[in-house]
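My entries follow in the order in which I made them.

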Amino acid sequence: MNATELSTAELESLKDSLLLQKGSILNKSHEFIAEQSSISGAGDEAEVASQDVANNISIHLHERDRTALYAIERALGKIAEGTYGQCESCGEIIGARRLQARPFTALCIECMEEQEALRH
């Protein structure tokens with residue numbers, strides 16, 4: 001039994017969505033690697049500076065995608081073991097609306113708000 005208030009069909013739909021997101025991130029990762037290997041250092045200072053800025057943005061986006069990929073893998077693992085939808089902090093059930101909005105979330109809204117309050 002899943003630790004969620006989602007129906008089996010809703011859970012399958014979220015699993016499919018997670019798998020699509022995973023595939024998209026992996027495709028972008030391959031494009032990123034190809035892009036990084038094709039970069040040349042030739043050009044004037046303005047071109048090099050512009051390329052550096054573009055590279056930094058690409059690297060930042062790639063890191064964000066890696067973080068999302070990790071969260072997606074965790075969510076898929078939880079679906080497989082039947083613990084999907086359980087808050088990692090308090091153990092309560094994460095609401096269906098939250099899971100549908102952020103399928104790879106690991107925290108209920110209350111725990112997420114607490115965590116964000118501690119950061120500020």
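I began with Lys78, which I list as buried because its relative accessibility is 12%; buried means under 20% relative accessible area, exposed over 50%, and partly exposed in between, with a 1.4 Å probe and protein chains only. Lys78 is found in helix α2. Not counting residues up to four places away in sequence, I found Lys78 touching Thr83, Tyr84, Gln86, Glu88 and Ala106. I take contact as heavy atoms within 4.5 Å.

Before going on, I noted the ground rules. This is a predicted model, in which local features need pLDDT of at least 70 and side-chain atom pairs count only at pLDDT 80 or more, while totals for chains, interfaces and linings use all residues. Residues are numbered from 1 along each chain as its sequence is written, and side-chain values use heavy atoms, with hydrogens and water left out.

Overall fold. I counted four helices and zero strands, in the order α-α-α-α along the sequence. Helices (H or I, at least four residues) and strands (E, at least two) are DSSP runs, numbered from the N terminus.

Dimensions. The C-alpha trace spans about 60 × 35 × 20 Å along its principal axes.

Buried residues make up 29% of the 120 residues. Of the contacts with a separation of 6 or more, 58% join residues 24 or more positions apart.

Charges. I noted 11 positive and 20 negative charges, whose mean positions are 5 Å apart. Lys and Arg count as positive and Asp and Glu as negative, with His and the chain ends not counted; the place of a charge is NZ of Lys, CZ of Arg, CG of Asp or CD of Glu.

Core. Which residues have the most contacts inside the largest nonpolar core? They are Leu6, Leu18, Ile72, Tyr84, Cys87, Leu99 and Phe104, in a core of 21 residues. α1 (8–37), α2 (45–81) and α3 (96–101) each supply at least two residues of this core, and the largest share, seven residues, comes from α2. A nonpolar core is a set of buried Ala, Val, Leu, Ile, Met, Phe, Trp, Tyr and Cys residues joined through side-chain atoms within 4.5 Å.

Leu99. Setting aside residues up to four places away in sequence, Leu99 touches Thr4, Leu6, Leu14, Tyr84, Gly85, Ile94 and Thr105.

Gln100. This residue lies in helix α3 and counts as partly exposed because its relative accessibility is 39%. Beyond four places in sequence, Gln100 touches Leu6, Glu10 and Leu14. Gln100 and Lys28 are 72 residues apart in sequence and 23 Å apart in space, C-alpha to C-alpha.

Gln21. I placed Gln21 in helix α1. Is Gln21 buried or partly exposed? Gln21 counts as partly exposed, at 26% relative accessibility. Leaving aside neighbours within four places in sequence, Gln21 is in contact with Ile72, Pro103 and Phe104. The C-alpha atoms of Gln21 and Asp65 are separated by 9.9 Å.

Met112. My last entry is for Met112, in helix α4 (residues 109–119). Leaving aside neighbours within four places in sequence, Met112 is in contact with Arg98 and Leu107.
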